[in-house]
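Reader: I would like a close look at one part of this structure, taken slowly.

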Amino acid sequence: MKKALFPGSFDPLTLGHVDIIKRGVALFDEVIVAIGINSEKNYMFSLEERKQFIEDAFKNVPKVKVVTYEGLTVQFCKEIKVPFILRGLRNPADFEFEKAIAHTNRKLSKIETVFLLTSARTSFISSSIVRDVIRNNGDYTKLVPDSVRVK
Ligand code: ADP
């Protein structure tokens, strides 16, 4: 069974993430969406909320699992025996950043990173822009799946 880990903050899940997860499901038997816990980051949504958004969005897709983890992504992959990391590439800045991380991960382990180019429709979306829209009372619902709603 081919499994891939899709790691990120998902603060919150966006239509860009949804696109990558759906396309990942076509390539892998299981896509494990892994929410990284970084105690130094200030999140807009709690870990529980972020997890719930993803679980609700994919409740009808059994190939998608949602987990949380702390520490190095490759270490977590080894622990749960997942040989692939899935990441989305939006632009050259993402590429440069992801390239350094993927090389480092290969140095530390045998885990391969698989990149998918984001679809043109959602490539401009980032969680940080969504948070800005929310803070300024804009219509964020166009950028996120229906499961993501601010209480
Ligand atoms: P991180 O804090 O690790 O960047 P994110 O939650 O922002 O976590 O992103 C997780 C993954 O989703 C990354 O691989 C990122 O490139 C990808 N991603 C983010 N936004 C989009 C988008 N609009 N389209 C496709 N992939 C995206």
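Reader: Leaving aside its neighbours within four places in sequence, which residues is Leu86 in contact with?

Author: This is a predicted model, in which local features need pLDDT of at least 70 and side-chain atom pairs count only at pLDDT 80 or more, while totals for chains, interfaces and linings use all residues. Residues are numbered from 1 along each chain as its sequence is written, and side-chain values use heavy atoms, with hydrogens and water left out.

With those neighbours set aside, Leu86 is in contact (heavy atoms within 4.5 Å) with Ala4, Leu5, Phe6, Pro7, Ile20, Gly24, Phe28, Val31, Val114 and Leu116. Leu86 also belongs to the largest nonpolar core, which has 27 residues, and is listed with Phe6, Ile21, Val31, Val33 and Ile54 as having the most contacts inside it. Such a core is a set of buried Ala, Val, Leu, Ile, Met, Phe, Trp, Tyr and Cys residues joined through side-chain atoms within 4.5 Å, where buried means under 20% relative accessible area with a 1.4 Å probe, protein chains only. Among the elements that give two or more residues to this core are strand 1 (3-8), helix 1 and helix 5, helices being DSSP runs of H or I with at least four residues and strands runs of E with at least two, numbered from the N terminus. The largest share, four residues, comes from helix 1. Apart from this core lies another, of ten residues, including Leu5, Ile32, Tyr69 and Phe76.

Turning to helix 5 (residues 127-135), its residues Ser127, Val130, Arg131 and Ile134 are buried. These four lie on the same side of helix 5, because they cover an arc of only 100° around the axis, taken from the directions from the helix axis to the C-beta atoms. Helix 1 (15-27) is included in what covers them.

Technical notes
Buried < 20%, exposed > 50% of the residue type's maximum accessible area, 1.4 Å probe, protein only.
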